[in-house]
Amino acid sequence: MSELFRDYSEAAARSGAYDEMFTPGAIARKSYGQVDGALRELSLADVSARAESMARTFLDRGVTFDYAGEERPFPLDIVPRVIPADEWDVLERGVAQRVRALEAFLDDVYGRMAVVADGVVPRALVTTSAHFHRAVHGFEPAGGVRVHVSGIDVVRDAAGTFRVLEDNVRVPSGVSYVLENRRAMAKGLPEAFGQQPIRPVEEYPRRLLSALRKTAPSGVDDPTVVVLTPGVFNSAYFEHTLLAGLMGVELVEGRDLICRGNRVYMRTTAGEQRVDVIYKRIDDEFLDPLQFRSDSMLGCPGLVNAARAGGVTIANAVGNGVADDKLVYSYVPDLIRYYLHEEPVIANVETFRLEEKEAREQVLDRLEELVVKPVDGSGGKGLVIGPDASREELDALRKRVLADPRGWIAQPVLQLSTVPTHAGDRFGPRHVDLRPFAVNDGDDVWVLPGGLTRVALKEGSLIVNSSQGGGSKDTWVLSDSPQVPAAEMPRSSITVREQVSVWPVESNWRDRQSDQQQ
Amino acid sequence: MLSRIAESLFWIGRYVERADGTARILDVHLERLNHLPLEEQRSVARELLAVMGARPQSEEFGLPELLHALAYDKTSATSIAGSLSAARENARRARETVSSSLWESLNTTYYGLNQHRKDVVGTYRFCNWVLERTAMVRGLADTTVSHDESWLFLVLGRSLERADMTARMLSTRDVLSAGMSWVNMLRCAGAYESFLRTRRAAFGDQHAAEFLLLDRLFPRSIVFALRDADECLAKLDPSAQRVGFINDARRIVGQARTFLEFHRTDDLMSELPEHMDRVQKAVTQASDAISRKYFNQADELAWVGEVS
């Protein structure tokens, strides 16, 4: 084993987690064969130089996130996370299944509420959710789609089993890093691409645009799609520009839009132009000062009415947040059985509902062993990890839980799986999660092969959020078909580009020489 | 295209050109300034700053302060660093519209701003670096952005700013009249060789001034830049007019250009500062007119009325 992996297996064993690359016997898993081979050839100096160059490229290209007002390159680790075809098959089916169930659930709660009438979930679960918006009750979205884009967070537990950690069907972000990471890795670790069939990710913008167009208001032949951003100070601004750019559509801010007669227009140099589909990257609460927060300058007054009247499609639909509620999450396996008559493909993490007396008492007794999460938080906000918390923090938490039991859930601390990660003078095991992205066009839920693997860069840390010092890894989904059709090869990979471009350049050169001789 | 994006592109054009022009002026004048006695250095530094459209912040305004104000002050739109930061910020806001290579070159330029020594010698190198970077930005804009509306706004900003900068540059001659030769003035504009080839070596002041004001083929001459701006405006507003112009910006630009072209060169020369002032005012007015016509979000708050 290379010097870079010195002490790796001991550290991995200490963490007690499932390691994605090595078996407990310190042998690289089959899916990691090519990566292992490539890394073995590298010295520490190579790895450092490549890591530095990847970070530099990200900064130059502006692949950054906003951290306390400062633009930082999103750290990308040189070791990819590799998912073999059979494991991906499970994830893909599981994610799509979940999206279908959540889509049915949202349609139901903003309509007949059959799920309540049939006793699958209590009425209060829905009506007390912070993101249940009565403003859109009875509203039929164009194309029947509410969850156009979703990011379902999954993790692998110590036994190596995938579990869903949470659902994001409001404004899931991170897909831009999936696209950029692949480009960077083609230059950062070209050796590992080789002949290995890695499924491409670059199809995403095309799939997204086509789904957005397909769900345009009826009667619009050639819909105008825009991406709505809160603006340059938003931490995901880079992603908004990238998606708008790759889809070839306008990136608008609220002040670029006007609503009139339940239609939406954007201000252009040639006057006002109608907008048919808005891919919004703003939280519902800021979308429309007439419906929600009247002090918000980010959105555009009248948007919600225009959408309700069928004059414009808003993606994802307003009100989806109720499905992101972590208490609703605990019911998703039941929802899958109820709406789809299927068994869940991927299990949930065991979850305690703190509004249930028995569960609450049990959890309050064992706070120091559990993770407690607010039901409407995102990005790891407000979460308390029992084993890492002080006595005072736990006491404060206990008070807050008792004051608002509906607002909290608890889960066991999961030893998220690890992947070797460049850390100083060697590779160390670092915990990762995975956010696969799915696009729903109303007929089909397409899952992007891969997704964002976030990694906790601090040894032992389970917090992978970028705002708390996390980084990311490129996620490689292997294809089990031995021969990948040329069109499906990652076009951004250097290896591939060289293969296609060397010949034409040379022949062109010869032509020119002969031109001159004449 | 979105009005907001058009505005960003216009200002990218202006700011990049401003950085380029300021770097040229600073580069040529530094050499002379450096040789002056301290007292004189101070008064000249102040006057030079005034020509560039800014006022000294403190009494102690000398060479080091001039370097800060014209080269390194990121908070001021007069300085090179400020212009390039502003250009980059505008590109960031219009990122999905500008080409990624244009954005990247502005972004890396922005990150390169801090890597220069801020003394006289460092500033020479800084100025040259800026000329290279802005040339690269221009080149990438010309070759990687479609020559559609977005490019027209970029070029419109660039050509108006260029007319403005050449006018300012010609004004500096008056400030530094003692010894500021026309040769240096031509060098400032990167026009020396072109001028020599056009006029041969036999030239007087008048010919040099004529060249920078009126030459129809040299890209940094005022007439050339104004014609460029006029062409962009014509393409942006193709509604053919048989009589007159309803487009304010075209009227202003056209008037400024024809005034120079049809005025007696002798008269222009004898009142050069006044005429250069006139050009700068025309640029400001044209810029305002463009902003009113294409960028304004006049009914931004109209909904407040609708609700109540």
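How many residue pairs are in polar contact across the interface of chain A and chain B? The rule finds 15, with both residues at pLDDT 80 or more; a polar contact here is a pair of N or O atoms within 3.5 Å, where one must be able to donate a hydrogen and the other to accept it, and residues adjacent in sequence count only if both atoms are side-chain atoms. The model is predicted, so local features need pLDDT of at least 70 and side-chain atom pairs count only at 80 or more, while totals for chains, interfaces and linings use all residues. Residues are numbered from 1 along each chain, chains are lettered from A in the order written, and side-chain values use heavy atoms, with hydrogens and water left out.

Now for the interface itself. Contact (heavy atoms within 4.5 Å) links 29 residues of chain A with 25 residues of chain B. Glu71(A), Arg267(A) and Thr269(A) supply 26% of the area that chain A buries against chain B, buried area being the accessible area (1.4 Å probe) that two parts lose on being put together, summed over both. There are three salt bridges between the chains, each a side-chain nitrogen of Lys or Arg within 4 Å of a carboxyl oxygen of Asp or Glu. In one of them, Asp256(A) meets Arg4(B) at 2.6 Å, N to O.
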